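I opened this model to go through its chain contacts, helix packing and backbone geometry. My notes follow the order in which I looked things up.

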2 protein chains.
Amino acid sequence: MNKNIDIIPEEVANCPIYKTMEIFQGKWNAWILFELGRNETMRFGELRKAIPNISNTVLTTTLRDLEERGLVNRIQFNEIPPHVEYSATESAKDLKEVFSAMWVWGEKHVKD
Amino acid sequence: MNKNIDIIPEEVANCPIYKTMEIFQGKWNAWILFELGRNETMRFGELRKAIPNISNTVLTTTLRDLEERGLVNRIQFNEIPPHVEYSATESAKDLKEVFSAMWVWGEKHVKD
């Protein structure tokens with residue numbers, strides 16, 4: 001039997017650190033959460049402007065993924081004209097501690 | 001001109017948070033850094049045991065990648081029998097603040 005498999009074992013998958021890491025795996029997940037964390041609400045176009053070079057498709061799918069994970073609120077306003085606003089959920093707002101620790105480490109240790 | 005490209009712009013790539021995130025992008029990077037962070041030194045076999053299901057190849061390439069990033073020390077002991085010991089560099093040890101923030105967030109917010 002070849003035991004050289006490379007899957008995530010249960011004891012890893014259940015670890016709080018791993019679970020947190022998972023939400024940062026997409027290329028733009030962290031960036032979107034960071035932008036929503038420092039703004040009350042944002043429209044799609046504002047997010048696109050805040051994250052240069054992200055495509056409409058990627059922004060749409062990433063927002064949907066984050067919505068499913070309970071990190072992003074999507075509120076549709078049926079006014080004229082109708083519009084949608086995105087915001088960070090309470091749990092996403094709590095990520096600021098993680099971002100802050102990452103900022104400190106990156107500033108101190110990563111060379112250009 | 002189609003502007004719907006999806007590359008990392010310079011202002012993102014230079015951000016300390018992004019730089020920190022980058023070192024966690026490999027599936028096992030964080031896990032290896034976490035294990036080395038809580039042990040003085042580890043041999044290859046000990047790392048394999050600590051990270052169930054990781055393959056020899058993946059462990060080897062990930063360790064080399066982390067070594068190149070200045071996060072892992074690899075010390076070869078030319079004794080009989082010769083052996084190699086891996087340890088976290090000072091900058092990798094500082095990641096404990098990031099791990100700690102991730103642990104707190106994961107425990108509080110991620111449902112099973």
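These entries cover a predicted model, starting with the contact between the chains.

**Entry 1: the interface**

I began with chain A against chain B. I found 47 residues of chain A in contact with 47 residues of chain B. The area buried between the two chains came out at about 4400 Å², and carbon and sulfur atoms give 66% of that area.

I then looked up the polar side of the interface. Between chain A and chain B I counted 2 salt bridges. I noted one pairing by name: the side chain of D94(A) meets that of K108(B) in a salt bridge, at 2.8 Å from N to O. The count of residue pairs in polar contact between chain A and chain B is 10, with both residues at pLDDT 80 or more.

Next I asked which helices of chain A each supply at least two residues of the side that touches chain B. They are helix 1 (10-13), helix 2 (16-22), helix 3, helix 5 and helix 7 (96-109). Helix 7 of chain A gives the largest share of that side, 11 residues. I sorted the side of chain A that touches chain B by class and got 28 nonpolar, 9 polar and 10 charged residues.

**Entry 2: helix 7 against helix 7**

Helix 7 of chain A packs with helix 7 (residues 96-109) of chain B at an angle of about 170 degrees, and their axes are 8 Å apart. Angles over 145 degrees count as roughly antiparallel, so I logged helix 7 of chain A and helix 7 of chain B as roughly antiparallel to each other. On the chain A side, E97(A), V98(A), A101(A), M102(A) and W105(A) make the contact. On the chain B side I listed E97(B), V98(B), A101(B), M102(B) and W105(B).

I turned to packing within a chain. In chain A, helix 3 (residues 29-37) and helix 5 (residues 56-68) pack at about 75 degrees, with axes 10 Å apart. The range for roughly perpendicular is 65 to 115 degrees, and helix 3 of chain A and helix 5 of chain A are therefore roughly perpendicular to each other. From helix 3 of chain A the contact uses N29(A), I32(A) and L33(A); from helix 5 of chain A it uses L59(A), T62(A), L63(A), D65(A) and L66(A). I classed the residues of this contact as 5 nonpolar, 2 polar and 1 charged.

Helix 3 (residues 29-37) of chain B and helix 5 (residues 56-68) of chain B pack at an angle of about 75 degrees, with their axes 10 Å apart. That angle makes helix 3 of chain B roughly perpendicular to helix 5 of chain B. Here N29(B), I32(B) and L33(B) of helix 3 meet L59(B), T62(B), L63(B), D65(B) and L66(B) of helix 5. The class count for this chain B contact is 5 nonpolar, 2 polar and 1 charged.

**Entry 3: salt bridges over all chains**

I counted 8 salt bridges over all chains. One that I looked up within chain A joins the side chains of K93(A) and E90(A), at 3.4 Å from N to O. K93(A) and E90(A) are 3 residues apart in helix 6 (residues 90-93) of chain A, so about one helical turn separates them.

**Entry 4: backbone geometry**

Where is the peptide bond from I80(A) to P81(A), cis or trans? I found it cis, with omega near -5 degrees. P81(A) sits in the loop between strand 1 (72-77) and strand 2 (83-88) of chain A. In chain B, a cis peptide bond joins I80(B) and P81(B), with omega about -5 degrees. I placed P81(B) in the loop between strand 1 (72-77) and strand 2 (83-88) of chain B.

Last, I noted that N53(A) has a positive phi of about 80 degrees although it is not a glycine. N53(A) lies in the loop between helix 4 (44-50) and helix 5 of chain A.

How values were computed
Residues numbered from 1 in each chain as written. Chains lettered and ligands numbered in written order. Predicted model: local features only at pLDDT ≥ 70, side-chain atom pairs only at ≥ 80, totals over all residues. Heavy atoms only, no water. Axes fitted to C-alpha atoms, helices over the stretch in contact; angles between N-to-C directions. Helix = DSSP H or I, 4+ residues; strand = E, 2+ residues; numbered from the N terminus. Parallel < 35°, antiparallel > 145°, perpendicular 65-115°, else oblique. Contact = heavy atoms within 4.5 Å. Nonpolar A, V, L, I, M, F, W, Y, C, P; charged D, E, K, R; others polar. Buried area = accessible area lost by both parts, 1.4 Å probe. Salt bridge = Lys/Arg side-chain N within 4 Å of Asp/Glu carboxyl O. Polar contact = N/O pair within 3.5 Å; in protein donor to acceptor, adjacent residues only side chain to side chain.
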